[in-house]
Amino acid sequence: MKKTQLTRRGFLRLSGLGMAAVALPERLGFEVTPFAAPSEYFFYVGSYTSAGGEGITLCRLSMQTGSLQKVAVTRNVSEPSFLAMDRQGRYLYAVNELGSYQGMASGAVSAFSVHPTTRALTLINQQASRGSAPCFVSVDANDKFVMTANYGGGNISVFPIQSNGGLGAATDFKQFQGSGPHPNQRSPHAHQLMTNASNQYALAADLGTDRVMLYRFDAALGKLTATTPASFSTQPGAGPRHFAFHPNGSFVFVINELNSTLLSLAFDTTRGTLTQVQSVSTLPAGYTGTSYCAEVRVSPDGKFVYGSNRGHNSIAVFAVDSLGKLTLVQHVSTQGLWPRDFILDPTGTYLLVANQQSHTIVPFKRDPVSGKLTALGTSLAVTAPTSLLVAPTPA
């Protein structure tokens, strides 16, 4: 892919990660079937090639030891800063976080086929994302559409997945309007777009206007229609960046980049609306340094929520009860700088952190009872890592 002009923000995945089938308490409101975990998982790492990243790196996680190994690299991909896959692991989609693409004020989204045994990537095609600096990509719950959030453009786009895994022309596009009180909120900054598990609704985080946009999703046509109300508003200047659904579908956890808070929101699955349950700080009491939140994930059993702090360079761990209330469990160092992304393996045994500025992927062992994380004391060198994505295990 030809490299073009880049756009980056000043300070600057549930990304296709499949939820594990782990038996859960009935009080959490959902049931899943246990399965035998494989001995290893493969995962992909996105990167900023403008900062020396190699492209998209394929790695291996040992479930016996938590050790990480680099397997292969897909090169000649510009700024693949966020990744997603279909549920069968046949196709991988990457945003190309560019300011200009083929003469347009737009980034791009790339579609790749995945080799069933080597997991090597082969480019199928690309589409303009219809906005500059796309920073997030997801696949709808039916594996029929790809969704992008364009940070620089302040807009979102939906693309149909063709029979060969490639992307067709956009089926929908929404331009956001407005601003916020923070210096980094002079215009809209779309940061995530994703459907819920039923595929009936889609939510979009707009960091620039302190809103989470709410849509009904037409899963046949790939169209978004605003609900009533059309959005949920955070505290002014909070900067909602990413969100994650609880496995039972009744709660959404929103992490706010600019004021370092985590929101627990009740999600009305009938109306598609959000109601605040709680707001908590992701930083330790008394911390006065500069820090910006990045990612939020929920454990496969739905009992814990994790959020990353860039600057404080930590993962904040919270227990969550059946009412959606959060209780702080732990702050743990990420053993590196600027934890842009992190993921849990599908069984919830390990948590992997991508430290963007120190160029490492760091594994942690997770206690399933307490939710606490323990660093394994090892790391994998990957330059400018920005996104982590676990590949589904073939049936």
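Predicted model: local features only at pLDDT ≥ 70, side-chain atom pairs only at ≥ 80, totals over all residues.

Which residues line the second largest cavity? I find Phe82, Cys135, His191, Arg241, His242, Glu295, Arg340, Asp341 and Thr386. Residues are numbered from 1 along each chain as its sequence is written, and side-chain values use heavy atoms, with hydrogens and water left out.

**Cavity**

A cavity here is a set of points on a 1 Å grid over the protein atoms alone where a 1.4 Å probe fits but cannot get out, and lining residues have an atom within 4 Å of a point. I get about 40 Å³ of space in the second largest cavity; the volume is the space filled by probe spheres set on the points, with grid points joined across faces, edges and corners. Strand 16 (240–245) and strand 24 (339–344) each give at least two residues to the lining (strands are DSSP runs of E, at least two residues, numbered from the N terminus). I sorted the lining into 2 nonpolar, 3 polar and 4 charged residues. For that sorting, Ala, Val, Leu, Ile, Met, Phe, Trp, Tyr, Cys and Pro are nonpolar, Asp, Glu, Lys and Arg are charged, and the others, Gly among them, are polar.

**Rings**

I searched the whole structure and got 6 aromatic pairs. Phe82, from the cavity lining, makes a tilted pair with Phe136, at 4.5 Å centre to centre and 35° between the planes. Rings of Phe, Tyr and Trp (its six-membered ring) pair if their centres lie within 6.5 Å; planes under 30 degrees apart are stacked, over 60 edge-to-face, the rest tilted. This pair links strand 4 (residues 82–85) to strand 8 (residues 134–139), 54 residues apart. Phe82 is buried at 3% relative accessible area, and Phe136 is buried at 0% (buried is under 20%, exposed over 50%, partly exposed in between, with a 1.4 Å probe and protein chains only).

Next I looked at Phe245 and Phe267, an edge-to-face pair at 5.8 Å centre to centre and 75° between the planes. Both Phe245 and Phe267 are buried. Ring pairs join Tyr201, Phe243, Phe245 and Phe267 into a cluster.

**Backbone**

The peptide bond from Thr228 to Pro229 is cis, omega near 0°. I place Pro229 in strand 15 (residues 223–233). Asn199 is not a glycine, yet has a positive phi of about 70°; I find Asn199 in the loop between strand 12 (190–195) and strand 13 (201–206).

**Salt bridges**

The whole-structure search gave me 11 salt bridges, each a side-chain nitrogen of Lys or Arg within 4 Å of a carboxyl oxygen of Asp or Glu. How far apart are the closest N and O atoms of Arg241 and Glu257? I read 2.6 Å for that salt bridge. Arg241 lies in strand 16 and Glu257 in the loop between strand 17 (251–256) and strand 18, so the pair ties together parts that are 16 residues apart in sequence. Both Arg241 and Glu257 are buried.

Asp341, also in the cavity lining, bridges to Arg297 with the closest N and O atoms 3.0 Å apart. Arg297 sits in strand 20 (residues 292–298) and Asp341 in strand 24, 44 residues apart. Arg297 is buried at 2% relative accessibility, Asp341 at 0%.

Notes
1 Å grid on protein atoms, 1.4 Å probe; cavity = no way out; pocket = protein on both sides within 12 Å on 5 of 7 lines; lining within 4 Å. Helix = DSSP H or I, 4+ residues; strand = E, 2+ residues; numbered from the N terminus.
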